[in-house]
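Look at the sequence and the structure first, then read the points below.

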Amino acid sequence: MLDYTLSVAELATLRDAHRKEKKRRLADRLKAVYLLGSGWTAQKVSEALLADEDTIRNGFHLYQAGGQKQLLYWQVGGSKPYLSVGQQVTLKQHVTETLHSTCKAVGQYIQQQFQVTHAPRSVSALLGRLGFSHKKPKVVPGKADAAAQTQFIAHWETLKANLGEQDDVYFMVHPQHNTQAGYG
């Protein structure tokens, strides 16, 4: 079993730092080391702070290795980008000139052009960083030909005038015309 004993001065310093710490995650780290140092077991500390025992022990090891400074060091960030700045400029120019309907399609272009594999979610994040966003186009009816419409109205008037009592007229419209807008 590891010895987690801390001196009275160390405990006082930890207690003071805990009171001043605004970030809850870091305050919990200080609290965990304080409790371990004052005689609590790792199991009891993990139950009290609702954290894993290994997380509690790792916090204490951080404190032993670098003191309070190491314990309070918290760096969050992503990895280095897979595409260089030049490749990102090339990608931005390509996406500006060519409409891709899905992130998967952009990912295939990246794979072919730069030999780098990206998941569609990563491609979406990359495109967001490059200033792009998903757009849903609006449905626009087909362009009407005014001359053809005028000709049809004249034909319809003639047809209607020559209809008998038993004659019926039916109109049909293609049901799929321009009903689904895609994303790009």
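The model is predicted. It holds three aromatic pairs, and the largest nonpolar core has 17 residues. Helix 2 and helix 3 have axes that come within 9 Å.

**Aromatic pairs**

- The structure has three aromatic pairs, one of them formed by Tyr 4 and Phe 60.
- The Tyr 4 and Phe 60 rings lie 4.8 Å apart, centre to centre, with 80° between their planes, and the pair is edge-to-face.
- This pair links distant parts of the chain: Tyr 4 is in the segment before helix 1 (8-20), Phe 60 is in helix 4 (residues 53-71), and the two are 56 residues apart.
- Tyr 4 and Phe 60 are both buried.
- Phe 60 also pairs with Tyr 63; the ring centres are 6.5 Å apart and the planes are at 50°, so this pair is tilted.
- Phe 60 and Tyr 63 are three residues apart in helix 4, which means that about one helical turn separates them.
- Both Phe 60 and Tyr 63 are buried.
- Through ring pairs, Tyr 4, Phe 60 and Tyr 63 are linked into a cluster.

**Nonpolar cores**

- As background, nonpolar side chains in soluble globular proteins tend to be buried together.
- Leaving out residues up to four places away in sequence, Leu 36 touches Tyr 4, Thr 41, Ala 42, Val 45, Ile 56 and Phe 60.
- Another core lies apart from this one; it has 13 residues, among them Leu 91, Ile 110, Val 116 and Leu 130.

**Helix 2 against helix 3**

- Two packed helices are described by the angle and the distance between their axes.
- For helix 2 and helix 3, the axes come within 9 Å and cross at roughly 145°.
- The crossing of helix 2 and helix 3 is right-handed.
- On the helix 2 side, Asp 28, Lys 31, Ala 32, Leu 35 and Leu 36 make the contact; on the helix 3 side, Ala 42, Val 45 and Leu 49 do.
- The residues of this contact comprise six nonpolar, no polar and two charged.

Notes: Residues numbered from 1 in each chain as written. Predicted model: local features only at pLDDT ≥ 70, side-chain atom pairs only at ≥ 80, totals over all residues. Heavy atoms only, no water. Phe/Tyr/Trp six-rings, centres within 6.5 Å; stacked < 30°, edge-to-face > 60°. Helix = DSSP H or I, 4+ residues; strand = E, 2+ residues; numbered from the N terminus. Buried < 20%, exposed > 50% of the residue type's maximum accessible area, 1.4 Å probe, protein only. Core = buried A, V, L, I, M, F, W, Y, C linked by side-chain atoms within 4.5 Å. Contact = heavy atoms within 4.5 Å. Axes fitted to C-alpha atoms, helices over the stretch in contact; angles between N-to-C directions. Left-handed = near helix turned anticlockwise from the far one by under 90°. Nonpolar A, V, L, I, M, F, W, Y, C, P; charged D, E, K, R; others polar.
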